[in-house]
Amino acid sequence: MLSVTLVTLQTSAFYSTDVSAIGVGARTMGMGKAFVALANDNSTIFMNPSGLAQVEHPEILSMHTSLLNEINYFSFAGSLPVGPGVLGIGLLQSSIDDIALTQLDSNDRPKVTERVTYADGLAALSYGLSIKEFLSGAFNCNIEGKVFGGVSAKYFQKGVTDLAVGNGVNADLGLLYIPNEYWSIGLAQKNVLGAAGPINWDTGARDELTSYTTLGLGYAINQAWKILTDYDFSFSNKRMGLFHVGTEYRLDSYLTLRCGWE
């Protein structure tokens, strides 16, 4: 099965997946990945880099789990206030172990010749800061609330060692507007380089990373309870829209309830 997939990549496949689409961290995944308009912890490195500006102290976030009892998934993100904004670094890694490669034996029956691991990884370097003063000066107006902007530079590597490996670079852009204590609006453009930032395989294949936009809206009923919704859409490859809805209710400093739908 894996051999067929790799041959397809060489001949007809055009798009490659972004591993961050799985979700980052238990918090965002617990809210159905409705996070673009909240974006206030290290998960925002991969979701909406502008939200890094809301991180006030050095912070580390990490998670390891097994998805569907087959996919090993690891995430790590760290942030540090630097200069006028916040610098963040992040790592994502998903892998599937013990994939059997086969060939037909003398009796035309499949025989396992090797067992391999497929891995899909992403490293990101991000920066977020307040851009309210810049926008107010550029448009000669007084903007109420807070406005943040951010960017993530990303490096991808995926494939099977000694069989087929692909790598490439791309970037995300993000905006976050918080007009008051109740409402927030987020906007993230994923893989903005599009065809200019492909995955190049050592087999000679070339895959484009899907570029898509996420628009998010958040409402705080009170300081403890937030409701969020995101919508993903893309014009580049007619990707179908995807809704995310989530909520978070903080009971106390140690316990928070979350649920979501995607």
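Is cysteine 141 buried, exposed or partly exposed, and what is its relative accessible area? Cysteine 141 is partly exposed, at a relative accessible area of 38%. Keep in mind that this is a predicted model.

**Overall build**
- The protein chain comes with 4 helices and 14 strands.
- Its C-alpha trace spans about 75 × 40 × 35 Å along the principal axes.
- Of the 262 residues in the protein chain, 43% are buried.
- Take the contacts between residues at least 6 apart in sequence: 53% of them join residues at least 24 apart.

**Surface and charge**
- About 14000 Å² of the protein chain is accessible surface, and carbon and sulfur atoms account for 60% of that.
- On the charge side, you have 16 positive and 24 negative side chains, with the centres of the two sets 3 Å apart.

**Cysteines**
- You'll find 0 disulfides in the structure.
- A disulfide would be a covalent bond between the sulfur atoms of two cysteines.
- Cysteine 259 is partly exposed, with 46% relative accessibility.

**Strands around β11**
- Strand β11 (residues 212–220) runs antiparallel to strand β8 (residues 183–190), and 8 bridges join them.
- Within that pairing, glutamine 189 sits opposite threonine 213 of β11.
- β11 also runs antiparallel to strand β12 (residues 225–233), again with 8 bridges.
- Here leucine 215 has tyrosine 231 in β12 as its bridge partner.
- β11 and β12 make a hairpin, with 4 residues between them.

Key: Residues are numbered from 1 along each chain as its sequence is written. This is a predicted model: local features need pLDDT of at least 70, side-chain atom pairs count only at pLDDT 80 or more; totals for chains, interfaces and linings use all residues. Side-chain values use heavy atoms; hydrogens and water are left out. Two strands pair if DSSP finds at least two bridges between them. Helices (H or I, at least four residues) and strands (E, at least two) are DSSP runs, numbered from the N terminus. A disulfide is a pair of cysteine sulfur atoms within 2.5 Å. Buried means under 20% relative accessible area, exposed over 50%, partly exposed in between (1.4 Å probe, protein chains only). Contact means heavy atoms within 4.5 Å. Accessible areas come from the Shrake-Rupley method with a 1.4 Å probe; for residues, only the protein chains shown count as cover. Lys and Arg count as positive and Asp and Glu as negative; His and the chain ends are not counted. The place of a charge is taken as NZ of Lys, CZ of Arg, CG of Asp or CD of Glu.
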